[in-house]
Amino acid sequence: MLNFTVDEEKCTRCGECAKDCPTGVIEMDGLPVVRPGSEVRCIECQHCLAVCKPGALSVFGKDPANSLPLKGMFPDPATMETLVMGRRSVRRYKKEGVDPALIHHLLEVASHAPTAVNGRPVTLTVVDDPDTMDRLRAEVTAAALNLLHTDGFPEGWERIGDYVRGCEDGTDILFRNAPHLLLASAPEGALAPMADCHIVMSYFDLLASSHGLGTVWNGIARALISTILPQFKTRLGIPDDHIVACVMSFGRPAVKYHRTVQRPGGTIRRVDF
Ligand SMILES: Cc1cc2nc3c(=O)[nH]c(=O)nc-3n(C[C@H](O)[C@H](O)[C@H](O)COP(=O)(O)O)c2cc1C
């Protein structure tokens, strides 16, 4: 049910909604209307609502007045470039946690990231309480060290075992003493579970950095929780049929960076034919 309505007074009949609909659901009949029989093609992108300049169009019962206006609101390119190049992987954290309201706001905003076929397949599992994080840290570290000292790490995961060995002196190589953890998972059967999760996580990474928070992508924790010690996937309440695609530690940084690093550029090829 699209619940597609048009305010006839406000509509300028410009046709932008029909032109921008990616699946041709809308056509112009004086006013924009839903093409008969095409409702099933709607991918719920809401472009029709977003592209309507006078805010005359509503879909799924959404009031355009509740959308954020965009004019002049995007960050300028220099700010965006500095954020992309200036965010760093933070491995030193303050003990105090981040306000849960801010964490949940950032997760909500990050969830606006694009996904394949515009579904909402990604589940974000967050440890927003530093005491819970301390218990999880202690249990995962103990289990990982126990595995190292008994059966050893499974074939193919020896490198993770080497990292875990670094925890023997009490250093938290696994979670870098961060007070929070974020895991992105999606059903194995989704169209693009890995990509969907990584995009949401990347958005969260940049958003968190823009708020002065520190983050570090945590491949070690992902390997442990998703595969090597799967009991923690269950304990964290992540559904069995989900792939844990990426994990991130975050919190208030106890380190400040003053300039960008100077990386060699990536491989960029220009094609001409
Ligand atoms: C998928 C992925 C997994 C990562 N896993 C870890 C990790 O387990 N522990 C860690 O300290 N850093 C991890 N990193 C961070 C990288 O090591 C880091 O991006 C790199 O050192 C460059 O530093 P920068 O992010 O400050 O530019 C990971 C990064 C990515 C993209």
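## The ligand shell

Around the ligand stand R88, S89, R91, V216, W217, N218, G219 and I220, each counted as near because its C-beta atom, placed from the backbone, lies within 6 Å of the molecule. This is a predicted model, in which local features need pLDDT of at least 70 and side-chain atom pairs count only at pLDDT 80 or more, while totals for chains, interfaces and linings use all residues. Residues are numbered from 1 along each chain as its sequence is written.

The shell divides into 3 nonpolar, 3 polar and 2 charged residues, where Ala, Val, Leu, Ile, Met, Phe, Trp, Tyr, Cys and Pro count as nonpolar, Asp, Glu, Lys and Arg as charged, and the others, Gly among them, as polar. At least two residues of the shell come from each of β7 and α8 (219–228); helices (H or I, at least four residues) and strands (E, at least two) are DSSP runs, numbered from the N terminus.

## Helix α8

Within α8, the buried residues are I220, A221, A223, L224, I225 and S226, buried being defined as 20 or more other C-beta atoms within 10 Å of a residue's own, with C-beta atoms placed from the backbone. These buried residues pack against α5 (130–149), α6 (158–165), β6, α9 (231–235) and β8, a contact being two C-beta atoms, placed from the backbone, within 7 Å.

## Helix α7

Helix α7 covers residues 193–210, and its 18 residues reach 26 Å from the first C-alpha to the last, close to the 26 Å expected, a span given by 1.5 Å times one less than the number of residues. The buried residues of α7 pack against β7 (214–217), and also against α4 (100–110), β5 (123–127), β6 (180–187) and β8 (242–251).

Terms used: A residue is buried if 20 or more other C-beta atoms lie within 10 Å of its own, exposed if 12 or fewer, and partly exposed in between; C-beta atoms are placed from the backbone.
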